[in-house]
Each structure stands twice: as C-alpha cells, then as structure tokens.
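Hi,

Here's the structure I promised to pass on. Have a look, and my notes follow below.

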Amino acid sequence: MKLKLLVMTAFCILLSSCALTTSYDFDKTVDFSNYKSFTIYQQGIDKLKLNDIDKSRIIRALENQLKSKGLTESADGDLIVNVLASSKKVINVDNDPYWNGPWGWGYYWAPSSTVYETREGKLTFHLVDSKKNILVWEGMVDGFDVGNIKNKDEQINKAIQKIFNYYPPKKKNNSYY
C-alpha cells in the first residue's frame, strides 16, 4: 500500500512539473469591448532573442488567438501587442526507488536518482491601448520545454491559447444572488 502511495505521489509531482502555469492582470476600469483591432509591435518581436522560426510560430499563434476573440489586425490597431520571451535552466532530479534481490539473499530496496537539465520557457504578452499609450492587459504563461524541438509548434500554440482564455477579462459579479 505504501508503495502505491509513493508511486501515485511521484506521478502527481511529475504531472504538475509539466503543467503550463498562467497569470494575468488587467486594468479593471477599462471596457475591453471597445477594442476592435490590434497591431503587433514589430520592434518588440525584433528584439526577442529567438530564432526566426519560433518568432513566426509565436506571431501566428498570437494572431489566431486575437482573431478568434473578434479582433482584426490593422496597421493602426486599438491595441498594440508586445511580446516578451525568456527561458531558464531547470535542474530536475528523479528519485526512482527500485526493489532488487540477488539469488538467495532476499529482496531489498535501493534508491536510484537521475539528474537532468531542461530549459523552461516563459512568454509575456502586453496589450497596450494605442490611443492612451497605457498597459491595459498583461498575460504570462510559463512551464513549457523550449528544448523539445519535436513538438515546439504544439507547445507554443497551447501556451498562447491557454493564456488568451483570460482575454477579454470577465467582469465579476459581486452579488451574492
């Protein structure tokens, strides 16, 4: 029973370490229904320390998400979208206990550890009101493996989709009824 509990705990930790985490903030005085168009801030994209393929992936996923929210792309959009990207080195330690036993000596428990390094990515999106030149919405998503080239396109799409689930922000009803 204890072994099952240990295995389930390790599995839950593994799943939580792979999860994308999101956070966002917005100006609660802004009426987001007034925004109908967007412009991607090209100078911000140019400053990203990413290869051109990843920049294209981010722009494509970002445009798709904003268009799915009813916004249209325009040279002088209501919102200016800036993108920031960063990554950090993450050291992972997997402790895998195993049971073993040589002939005639019975079984014993022996710990085994594997240490490996990954790079965890973070994307930040700023939506700026183009007329007032103020930040009105900020979203961040992190936790994807930027070193995994096989499904990088899928990870970027999933990350951007997950954060833009929170745009436009929902008005909270403070009523108890």
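Leaving aside its neighbours within four places in sequence, which residues is K67 in contact with? They are F38 and E73, where contact means heavy atoms within 4.5 Å.

Before the rest, some housekeeping. This is a predicted model, so local features need pLDDT of at least 70 and side-chain atom pairs count only at pLDDT 80 or more, while totals for chains, interfaces and linings use all residues. Residues are numbered from 1 along each chain as its sequence is written, and side-chain values use heavy atoms, with hydrogens and water left out.

Back to K67: it sits in helix α3, residues 52–68 (helices are DSSP runs of H or I, at least four residues, numbered from the N terminus). K36 lies 31 residues away in sequence, yet the C-alpha to C-alpha distance from K67 is 9.8 Å.

α3 also packs against helix α4 (residues 152–163), at about 35° and with the axes 9 Å apart; axes are lines fitted to C-alpha atoms over the stretch in contact, and angles run from 0 to 180 degrees between N-to-C directions. Among the residues making this contact are I58, A61 and L62 of α3 and I156 and I160 of α4.

On confidence (pLDDT, from 0 to 100, per residue), the chain averages 80, with 73% of residues at 70 or more. Residues 1–17 stay under 50 and have two contacts beyond four places in sequence. Where pLDDT is low, the predicted coordinates should not be read in detail.

Cheers

How values were computed
Helix = DSSP H or I, 4+ residues; strand = E, 2+ residues; numbered from the N terminus. pLDDT = per-residue confidence, 0-100.
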